[in-house]
Amino acid sequence: MYQNFLHLQPVQRHGDSTGKPHAMKQLLLALLVVITALPATAQERDLPSIGGFGGGLISDQLEADIGRQVMGSLRRSAPRIADPLVVDYLSTIVYRLLPSVSLADRNLTLVVIDSPDLNAFAVPGNIVGVNGGLFLNANSEQQFASVIAHELAHLSQRHFARRLEQQETSAPLTLAGMIAGIVLSAVTQSDIGIAAIAGTQALAVQNMLQYSRSHEQEADRVGLDILAESGLEPRGMPEMFEIMMRQNRLQGNHVPEYLSTHPLTQSRVSDTRSRAEQYPEQSVEDGLEYHLVRARLQVHYARSPQEAETVFRSALERAENKDNEAIRYGMAYARLEAGQAAEAEAVLRELLASQPGRITYQVTLAEALIARDKHAEARSLLTAALDRNPGNYPITDTLARLEIAAGNGTRAADYLSGLTRDYPQRDDLWLRLAEAEGMARDIVGVHRARAEYDILLGDLEAAQRQLRQAQEKIPPGAPLRQVVTERLSEVSGQLAQQNR
């Protein structure tokens, strides 16, 4: 019902404030070369499951340390999408799949990279990331979920650890080189770190080639099981592979980023299709939410909101799309992004009337009201929605944005404090909390929020300075001073260990 309704030409986003998109792409490429497996060869249906968690040369703690290094590099270097509706959808689909994934620790860190290229990755330390471009290329929720399931399979089978364990003697050098290369790439915004990784990884990759092919085959097989057990359609995986193959043919010498680290052969596509056909056929309909989020990103990556609106309107004029809510929503969101908030509001009210409980419609209507400075009406809409959905991330996040727009720093800080408790790994929330605390003239709150932001970026010295400044501004004996002192002690201990 929702598939293939829109074909927009995405524009390349030019990265973060450093203006170095090529370095970001190279950083991700290095991550993926090291982490993910190489191409599959057709093997028997009943491959042994030799992964799982626990034990081995590479400990869970070491993987967690690697994950922190990698995530710090991504936070410093890679432009990311903080749209709460996009992030919340990714979290929903991942945690739908997770009960069928063999992971000892099911606390994941999720990241959406702001790039229209097709890409996804899984990193030791339970980090799962996708590019915004995955939404553009996956026409259905089943196809999108198949890529996530494949990456979760890499994590569950501990492919990274197993590759290093295969070469016990060279593992320490390989590991040190990988971490140094990733960190160097992030700090220097250059290809120097890539060279460091390549030098230490060359022998390992050469010696583990055949083993890596079995990893990729295993991730396909385990990923299909994850999809089926989660009530999703395993046939989405070969469909997604076929999309990748077509894109590869169309782009000629420019290999899609995902295929540079997950090389795809026709035999692997055929093998995955054959495996998927062995699952009982079931009628699985896409959730509307996937297509609403996809529409937001199609607008985000269009050459302009006006072009996106034109394409959505053209699609809506076709008879088969008259009642397609995702197209109507996309048109409304394009109007909102084009500065036509009143026109967007009219369409969003119609959509919300048809589905009064849909959070995406409530949040987007509130965005339109905020754009028109209708703060009281937006607040009423969102607080009522939050009463019905306590703790909901997109609603709470939008309420915080509303209060900042209305100049109510204390209220915004209250909402953001709650979000940082629930999502302590989201650095963007800590940065916005610092802004809200500044607006509320809570200088201690600013220092504390900035310290947590710096910790997530891996800058412990900056965090230590922020906490010392906070400590100096709190009277001796105050309960908050003890809280700050304890956090300062933790950070100082981590910094001392890091500098050994």
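How many bridges join E2 to strand E3, and in which direction do they run? In this predicted model, four bridges link the two strands, and the pairing is antiparallel. Strand E3 covers residues 127–131. Within this pair, phenylalanine 121 faces glycine 129 of E3.

Both strands belong to an open sheet of three strands. The order is E1-E3-E2, and the pairing is mixed.

Helix H2, residues 60–77, lies across E1, E2 and E3. Helix H2 runs at about 30 degrees to E1. Helix H3, residues 84–97, also packs on the sheet, where it touches E1 and E3. The direction of H3 makes about 130 degrees with that of E1.

An annotated site comes next. An unreviewed UniProt entry lists His150, His154 and Glu216 under "binding site". These residues span 67 residues in sequence, yet no two of their C-alpha atoms are more than 8.8 Å apart, so they gather at one spot. Histidine 154 is located in helix H5, which comprises residues 141–156.

Helix H13 (residues 288–301) packs against H15 at an angle of about 30 degrees. Their axes are 9 Å apart. The crossing of H13 and H15 is right-handed. On the H13 side, the contact is made by Leu288, His291, Leu292, Ala295, Arg296 and Val299. On the H15 side, Glu325, Ala326, Tyr329, Gly330, Tyr333, Ala334 and Glu337 take part. The residues of this contact of H13 with H15 comprise eight nonpolar, two polar and three charged.

Helix H15 (residues 325–337) also packs with helix H16 (residues 341–354), at an angle of about 150 degrees. The axes of H15 and H16 are 7 Å apart. The angle makes H15 roughly antiparallel to H16. Here the crossing is left-handed. The contact of H15 with H16 divides into eight nonpolar residues, one polar and five charged.

The last region carries another annotation. UniProt, in an unreviewed entry, places the feature "coiled-coil region" at residues 446–473. In the model, this span is 86% helix and 0% strand. The end C-alpha atoms of residues 446–473 lie 12 Å apart.

Helix H23 (residues 460–472) packs with helix H24 (residues 479–498) at an angle of about 155 degrees. The axes of H23 and H24 are 9 Å apart. At this angle, H23 is roughly antiparallel to H24. The two helices cross in a left-handed manner. Leu460, Glu461, Ala463, Gln464, Leu467, Arg468, Ala470 and Gln471 represent H23 in the contact. Their counterparts in H24 include Arg481, Val484, Thr485, Arg487 and Leu488. Also among them are Val491, Ser492, Gln494, Leu495 and Gln498. By type, the residues of the contact of H23 with H24 are eight nonpolar, six polar and four charged.

Note on methods
Residues are numbered from 1 along each chain as its sequence is written. This is a predicted model: local features need pLDDT of at least 70, side-chain atom pairs count only at pLDDT 80 or more; totals for chains, interfaces and linings use all residues. Side-chain values use heavy atoms; hydrogens and water are left out. Two strands pair if DSSP finds at least two bridges between them. Contact means heavy atoms within 4.5 Å. Axes are lines fitted to C-alpha atoms, for helices over the stretch in contact, and angles run from 0 to 180 degrees between N-to-C directions. Angles under 35 degrees count as roughly parallel, over 145 as roughly antiparallel, 65 to 115 as roughly perpendicular and the rest as oblique. A crossing is left-handed if the near helix is turned anticlockwise from the far one by less than a right angle, and right-handed if clockwise. Ala, Val, Leu, Ile, Met, Phe, Trp, Tyr, Cys and Pro count as nonpolar, Asp, Glu, Lys and Arg as charged, and the others, Gly among them, as polar. UniProt positions are given in the numbering used here, feature names are shortened, and annotations may be inferred rather than shown by experiment.
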